[in-house]
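Thanks for coming, everyone. I have one structure for you today. Please bring it up on your screens.

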Amino acid sequence: MELSEASVNAVKMSKERKKLIRKQMKACHILLKHDGIRTASHVTKSLVVANGGLGNGVSREQLCAAMKEMGELETIIMSPHKPYAFATYSSEQSAQKAHGLLNGHLLHCGDNSVTLYLSFVDSVPCEAEEHVPLPEGLSLVEDFVSSEVEALLLAAVDWVTFDDDTAQKALKHRRVKHYGYEFRYDTNNVEKDKALSVGLPDECVPILERCLKDGHIGAMPDQLTVNQYQPGQGIPPHVDTHSAFEDTILSLSLGSKTVMEFRHPDGRVVAVLLPGRSLLVMKGESRHLWSHGITPRKFDMVPACDPEPPAAITPHLGNPGNLTLSKRGTRTSFTFRRIRRSPCQCAFPSACDSQGAPSSLPSAPSLPRCQGDAARLEEEYVHRVYDAIAPHFSGTRHSPWPRVCDFLSSLVPGAVLADVGCGNGKYLGVNPEVVALGCDRSSALVHICAERGFQAFVSDALNVPMLTASCDACISIAVIHHFSTPERRLAAVRELMRLLKPGGRALIYVWALEQEYNKQRSKYLKHQSREPSGSPNTAEGQSEGSASPKRTVNSHGDVGITNVDRLDREVSGPVDQRPGEDQVHHGKLSVHTNRTAFNSQDLLVPWHLKDGKGKAGKGRKGGREAGNRDMIRETALAVSKDNPSIAENILPSIGPASDCKTEPTDSNQRSTHPDSMSAKVATPNACLDSSLPSSTKDTDHACKSCPGFEAAATPAIPESSAAAAVFHRYYHVFQQGEIEKVCCQVDGVRVQTSYHDQGNWCVILVKD
């Protein structure tokens, strides 16, 4: 019997309804799991709107416009960074209407579209409004100049003509002009005896005279830096060098408003809204101790109405119901400073380079100019580091990445898998039905693999001692980004392809320059705001977007993710480090600030080794503290082979080794992939470069052909028992499409698929 058209439509609608209900239930589950929000099965006046929050790029105005069509709204609460909102209607009838008509509604937010899922709630969480004071010495004067003066100042800056008189530069994330004196980003200082031929523009003089009259400054500035920011651009957090400039710094904002973040060394963050035509005055503590920067993003989270008094807005404090999104436009800042002619005597010696505090990495390495340079750079800033931090590093790696597991699970039983750069062996046991072999340059990490019962050996990624066409599959997870030249990165891909049989597949993960992709921040960025200050994972516990075992967010970061799966995404990312970003432009590598966006592709990423933070498989509970001391001791001993002073300085402060024995780690608790890379020779601590004479290679010591090499560590031992050391790892972070271009240079290989996964660019290759 044929079904009528009405019956067919009824069945069709029923399927759509079932799909909507499934999505609703999934949204409710995520809300409960991640934020403890319990939904109600009965009708109430209040609704939680999944996917309708600031964290999904939805502004208050856009959400209100959709919700108001259903009835009279009493309140809408949009919490900072959350991908949901709460709406309360004046009647249950209006809420029920919204629940029925807006469920599954596609809301268009500019270039972004989200699907709303609504559920009733018995109560709406209320967060008390709290005024956040500005950092001491910081003041903001709104409407400091008129729109006419603003236009006059903007017209005075000639961005078309590049000349040495104003030291104009086109940096990666903004355009810059210097007047009076040039600020050198390679040294983070000013050449005080080399004034520029062009002084401050005449249009600035009346403004500075007014600042003198109003008491904002005590003397006329003689240096001006003009920065122009397009939407999506920013400046890394930094403290203006003490020895370069006097106390007071003035910053005049012209054009679009933006949010500037101030960060205290103790972890406090204060976000300050800078309206157009406002003057920011930094003195004392706010100038000398707090860093300031602007997150590279296109939208800012700002109060829906002007706060009284105009002051701080922080992502975690303030009235959550009073926030919305503001789209950035072009902003130009005029920063006025006065050159310092005598050493700084401020009250903050820990941050003062005049009083002994370093302003940057003492001897930042240069980008390699030849293969020998590359080998030496990788030896010092990759291989030695991972050998030294292996126990602590392995202790922070626990959860396999889902899409890597999917690849491994797709292999047929009996397939031969090579994990090149296996680290602590996290992926070697994912699929027990395959024959898995791992290799890594770090003998310390390979030893950890052996303790876990995995088959692994010491080798490098450029010359793996396995037969050609002997593997059905290869993986290279977080390895190739440690090679410092395009030629070496290409050679690493070729070596993977050599190992593959015809028809075999390889999966490659490399760290991405784009840590914010498709308006979603990677966990590497988001993790900073989730962990308490001082946590081992807050700044350096993980890399390449790997998740902490304690995280409860969705573990996938795929491009094709559904709106429901975005419930725990955020709209913006923290900022990168200070103007050292431009050291690469001058041939020097900059030191990256962990858990922040990247402003350059070649950089050094710190690893902070802290007593009480590492795990390294030591005894539980009572034995853990002693185990951590042993881990620090192991690291110090490893580094002291090349620098005996470390043993003299670190070991006495750590205390004697404990009697606590290392517990065998359960092989089912595999760690997140270490981003260690392999070197050139299959023996530990050997010279990386095969072009060097064989007489220069030594299997028991560091590379003897590299004079002056020291361990890549800067130990800082406070008077307390908490020993600490900082190691710097070299990375080349890949731009979108870059890894595909490298792979396409290899003959007989095609890219099957590519994707972005939690701050990594990933490709699956097939050997023809």
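**A sheet and its helices**

Let's start with helix H8, residues 402-409. H8 lies across E22, E25, E26, E32 and E33, and runs at about 175 degrees to E26. A word on names: helices (H or I, at least four residues) and strands (E, at least two) are DSSP runs, numbered from the N terminus. Angles run from 0 to 180 degrees between N-to-C directions, with axes as lines fitted to C-alpha atoms, for helices over the stretch in contact. Contact means heavy atoms within 4.5 Å.

Helix H10 packs on the sheet too. H10 touches E22, E25, E26, E32 and E33, and its direction makes about 150 degrees with that of E26.

Two caveats. This is a predicted model, where local features need pLDDT of at least 70 and side-chain atom pairs count only at pLDDT 80 or more, while totals for chains, interfaces and linings use all residues. Residues are numbered from 1 along each chain as its sequence is written, and side-chain values use heavy atoms, with hydrogens and water left out.

Now the sheet itself. What is the strand order? It is E24-E23-E22-E25-E26-E33-E32, seven strands in an open sheet with mixed pairing. Two strands pair if DSSP finds at least two bridges between them. At the edges sit strand E24 (456-458) and E32, each pairing on one side only. On average, neighbouring strands are turned by 15 degrees against each other, direction ignored.

Look at E26 and E33. They pair in the antiparallel sense over seven bridges. Ala506 stands opposite Leu765 in E33.

Leu765 brings us to the core. The largest nonpolar core has 33 residues, and Ile508 and Leu765 touch the most other members. By nonpolar core I mean a set of buried Ala, Val, Leu, Ile, Met, Phe, Trp, Tyr and Cys residues joined through side-chain atoms within 4.5 Å. Buried is under 20% relative accessible area, exposed is over 50%, and partly exposed is in between (1.4 Å probe, protein chains only). Elements giving two or more residues to this core include strand E22 (416-420), strand E25 (471-477) and helix H15 (738-743). Which element gives the largest share? H10 does, with six residues.

Leaving aside neighbours within four places in sequence, Leu765 contacts, among others, Val493, Met497, Ile508 and Cys743. There is also a second, separate core of 28 residues, including Leu47, Met78, Ala95 and Met301.

Next, Tyr755. This residue lies in strand E32, residues 749-756. Is Tyr755 buried or exposed? Buried, with a relative accessible area of 7%. Not counting residues up to four places away in sequence, Tyr755 touches Arg403, Leu507, Tyr509, Asn760, Trp761 and Cys762. The side chains of Tyr755 and Tyr509 are joined by a polar contact of 3.1 Å. That term needs a pair of N or O atoms within 3.5 Å; within protein, one must be able to donate a hydrogen and the other to accept it, and residues adjacent in sequence count only if both atoms are side-chain atoms.

Two alanines deserve a look. Ala469 sits in the loop between E24 and E25. Its phi is positive, about 55 degrees, although Ala469 is not a glycine. Ala469 counts as partly exposed, at 31% relative accessibility. Ala478 lies in the loop between E25 and H10. Ala478 also has a positive phi, about 60 degrees. At 0% relative accessibility, Ala478 counts as buried.

That's my tour. Questions, please.
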